[in-house]
Amino acid sequence: MSKLYTAKDLEKMIEQGQCLSTIPENAKLTPMARDIMRKHRGKPAAPSLVVSGDKPKIHTPVLPDAEYNWKPGGDPQTAAELEKFFYSPEIHALKERICHIGKRIWSKGYVDGNGGNITVRVGDNLVLCTPTLISKGFMTPDDICMVDLDGNQVAGTRPRTSEVNTHLGIMKNEPKAKSCVHAHPVYATAFAVAGVTPPSCLIPEPEVFLGEIGFASYQTPGTPENAKEVGQLAKKHQSILMQNHGVICWGKDVEDAYWKMENTDAFCHTVTVTTQIGGPKQYGPDKLKELILLRKKLGMPDHRLDELKECELCDAGDYTVHTQPQPAACSCGTNSAPAAGDVDEALVQKITDMIMEKLA
């Protein structure tokens, strides 16, 4: 595991006359330590000069990696070990990052009140999570909780969110899911409430960074049923619309999961506007195949090339309208509503006609 440098470590190095350029490129830095590095980045020491041919350069570009990697089998076993781990600099840095993402989803209007929740996996059986009944825009590291994969809280002074079980369902089914972000962004949630997933073959970025958006039928938030359904979908989808509820996305780290939330809502927003100015115009399945291959090259899962023929990649119906299963409608003592499990054919036809009229 890469060493974590805190602001105090860097200040001590500066006092002792040590050059910050000696810090390994793959080292992890706390947010305050990163600020110190930025201030000194414009003053590299002579040894950092690299000559490539006849063109000198002073940096070797490295893509930042915020993924948290733990030693398998290394979870703390005693109360003392658990306390030391929970208050360690490495975990504190992750708590700060969770709070930062919480502020971003609140600032974007993706959550209101105490809505939304965030998790980061930090061990074989340990997950950091946001607490219940708190605004995600005003959290501090001291608010963050820790649970095991069964949802039992093992650390944190505030009660954990009741919806953590849905996040754990994803993590149990998809080992690559090290962080989940759940929120209620307006446009993506509108698609979830309408029971519609947006079409493919419209914009390259969602195809690369999101893949195919999944759709989970309505289950009561926080229940085992919701965790089971969403968890199964996470094997094929990194962004999932939860019917009549909101959106949940997973990634290799919390920023990655948050980015997918932004991507999802921006995509749904664009599709919504497009239907008002003439309807979407798709590019071909051959172009989508190129994007899927690029996505897989970046290490992101995508089932479409394995399960679909090329001609099926751009779904012919444009929009997928999910009509089954649905929560049972209240009949209010009348026989006008269909029974639970029945398909209201008239409603399906009405929705189809409306969509086709828009596309025309």
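This is a predicted model: local features need pLDDT of at least 70, side-chain atom pairs count only at pLDDT 80 or more; totals for chains, interfaces and linings use all residues.
**Leu 241 and the cores**

I started at Leu 241 and listed its contacts (heavy atoms within 4.5 Å), leaving aside neighbours within four places in sequence. The list has Ala 188, Phe 191, Ala 192, Val 196, Thr 197, Ile 213, Gly 214, Phe 215, Ala 216, Gly 246, Val 247 and Thr 264.

Residues are numbered from 1 along each chain as its sequence is written, and side-chain values use heavy atoms, with hydrogens and water left out.

Next I looked up the nonpolar cores, meaning sets of buried Ala, Val, Leu, Ile, Met, Phe, Trp, Tyr and Cys residues joined through side-chain atoms within 4.5 Å. Buried is under 20% relative accessible area, exposed is over 50%, and partly exposed is in between (1.4 Å probe, protein chains only). The largest core holds 43 residues, and Leu 241 is among the members that touch the most others, along with Ile 105, Val 122, Leu 128, Met 146 and Val 181. At least two residues each come from helix 3 (79-86), helix 4 (89-107), strand 5 (117-121), strand 9 (179-183), helix 6 (186-194), strand 13 (246-251) and helix 9 (254-274). I take helices (H or I, at least four residues) and strands (E, at least two) as DSSP runs, numbered from the N terminus. Which helix gives the most to this core? Helix 9 does, with seven residues. I also found a second, separate core of 19 residues, including Leu 168, Ile 170, Val 230 and Ile 240.

**Helix 6 against helix 9**

I then checked how helix 6 meets helix 9. Their axes come within 7 Å and cross at roughly 70°. The axes are lines fitted to C-alpha atoms, for helices over the stretch in contact, and the angles run from 0 to 180 degrees between N-to-C directions. Helix 6 makes the contact with Val 186, Tyr 187, Ala 188 and Phe 191. From helix 9 I noted Thr 264, Asp 265, Cys 268, His 269, Val 271 and Thr 272.

**Rings**

My search for aromatic pairs used rings of Phe, Tyr and Trp (its six-membered ring) with centres within 6.5 Å; planes under 30 degrees apart are stacked, over 60 edge-to-face, the rest tilted. By that rule I get two pairs. Phe 86 and Tyr 87 have ring centres 5.1 Å apart and planes at 75°, so they are edge-to-face.

Trp 106 is partly exposed at 33%, and Phe 138 is exposed at 54%.

I also looked for charges over rings (NZ of Lys or CZ of Arg within 6 Å of the ring centre and within 35 degrees of the ring normal). The charged end of Lys 103 sits over the ring of Phe 138, 5.5 Å from its centre. Lys 178 lies over the face of Trp 70, at 5.2 Å from the ring centre.

I stayed with Lys 178 for a bit. Lys 178 is in the loop between helix 5 (164-173) and strand 9, and counts as buried at 12% relative accessibility. Beyond four places in sequence, its contacts include Glu 67, Tyr 68, Asn 69, Trp 70, Thr 119, Arg 121 and Met 171.

**Loops and phi**

Last, I went through some loop residues. Ser 200, between strand 10 (196-197) and helix 7 (204-209), is buried at 8%. Its C-alpha is 9.3 Å from that of Pro 285, 85 residues away along the chain.

Most residues other than glycine have a negative phi. Leu 133 has a positive phi near 55°; this residue is in the loop between strand 6 and strand 7 and is exposed at 62%. Asn 244 also has a positive phi near 55°. Asn 244 sits in the loop between strand 12 (239-242) and strand 13, partly exposed at 38%.
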